[in-house]
Amino acid sequence: VIADLAAPALVLAQAVGRLGCLSAGCCYGRACALPFAVTFHHPGGMAPLERPLHPTQAYHAAANGLLFVVLWQSARRRPVPGLVAGLYLLLYPVGRFIIEFFRGDPRGSWLGLSTSQWVSLAVFAAGVAWVLHVLRRRCGGDDGGTSITAD
């Protein structure tokens with residue numbers, strides 16, 4: 001229940017944090033010729049200067065903002081306890097995995113995927129296990145020794 005309450009706030013905080021990344025020039029994207037590319041000019045930033053780049057920080061902020069709406073709306077429907085947190089564990093890593101393909105900053109890689117993509121796969125797998133556990137408890141399967149009745 002606590003994780004369900006925290007998930008929408010957490011993803012909203014992550015969205016705001018990514019705007020901070022955009023301001024600092026960290027977590028920058030690869031070179032890009034799109035009309036909405038960002039070009040950093042301040043020498044104190046972390047991004048390459050005077051090169052149009054994918055605004056991956058904005059991509060993350062937008063994806064997290066959209067996920068906030070999904071989680072908030074899900075929470076308002078009062079689903080089975082644990083499901084909102086499970087949605088976070090399933091959906092956040094999908095966005096992160098995709099956006100990582102546009103990143104240009106060094107983060108490490110293995111077998112063609114960034115470290116963040118490997119972590120995203122692990123979090124997604126944990127999310128699948130979590131949601132299956134929550135739904136099984138809801139259906140009266142593995143309830144950990146307690147009785148759960150359907151509304």
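**View 1. α1 and α2 pack at about 165°, with their axes 8 Å apart.** The model shown here and in the other views is predicted. Angles over 145 degrees count as roughly antiparallel, so α1 and α2 are roughly antiparallel to each other. The crossing in which α1 passes α2 is left-handed. From α1, the contact takes in Ala7, Pro8, Val11, Leu12, Gln14, Ala15, Arg18, Leu19, Cys21 and Leu22. On the α2 side, Gln57, His60, Ala61, Asn64, Gly65, Leu67, Phe68, Leu71 and Trp72 take part. By class, the residues of this contact between α1 and α2 comprise 13 nonpolar, five polar and one charged.

**View 2. The axes of α1 and α3 cross at roughly 25°.** Helix α3 covers residues 83–99, and its axis and that of α1 come within 7 Å. Angles under 35 degrees count as roughly parallel, and α1 and α3 are therefore roughly parallel to each other. α1 passes α3 in a left-handed crossing. Ala3, Asp4, Ala7, Pro8, Leu10, Val11, Gln14 and Arg18 are the α1 residues that meet α3. Their partners in α3 are Leu83, Val84, Ala85, Tyr88, Tyr92 and Arg96. Ten residues of the contact of α1 with α3 are nonpolar, one is polar and three are charged.

**View 3. α2 and α3 cross at roughly 160°.** Here the helix axes come within 10 Å. With the angle over 145 degrees, α2 and α3 are therefore roughly antiparallel to each other. Their crossing is right-handed. α2 contributes Thr56, Tyr59, His60, Ala63, Asn64, Leu67, Val70, Leu71, Ser74 and Ala75. These meet Val84, Leu87, Tyr88, Leu91, Tyr92, Arg96 and Ile99 of α3. The contact of α2 with α3 divides into twelve nonpolar residues, four polar and one charged.

**View 4. The second largest pocket holds about 260 Å³ of space.** Its lining consists of Val1, Asp4, Leu5, Pro8, Ala9, Trp72, Ala75, Arg78, Pro79, Pro81 and Val84. Two elements, α1 (2–24) and α2 (56–76), each give two or more residues to this lining. The largest share, four residues, comes from α1. Nine of the lining residues are nonpolar, none is polar and two are charged.

Methods. Residues are numbered from 1 along each chain as its sequence is written. This is a predicted model: local features need pLDDT of at least 70, side-chain atom pairs count only at pLDDT 80 or more; totals for chains, interfaces and linings use all residues. Side-chain values use heavy atoms; hydrogens and water are left out. On a 1 Å grid over the protein atoms alone, a cavity is a set of points where a 1.4 Å probe fits but cannot get out, and a pocket is an open set with protein on both sides within 12 Å along at least five of seven lines; lining residues have an atom within 4 Å of a point. Grid points are joined across faces, edges and corners, and a volume is the space filled by probe spheres set on the points. Ala, Val, Leu, Ile, Met, Phe, Trp, Tyr, Cys and Pro count as nonpolar, Asp, Glu, Lys and Arg as charged, and the others, Gly among them, as polar. Axes are lines fitted to C-alpha atoms, for helices over the stretch in contact, and angles run from 0 to 180 degrees between N-to-C directions. Angles under 35 degrees count as roughly parallel, over 145 as roughly antiparallel, 65 to 115 as roughly perpendicular and the rest as oblique. A crossing is left-handed if the near helix is turned anticlockwise from the far one by less than a right angle, and right-handed if clockwise. Contact means heavy atoms within 4.5 Å.
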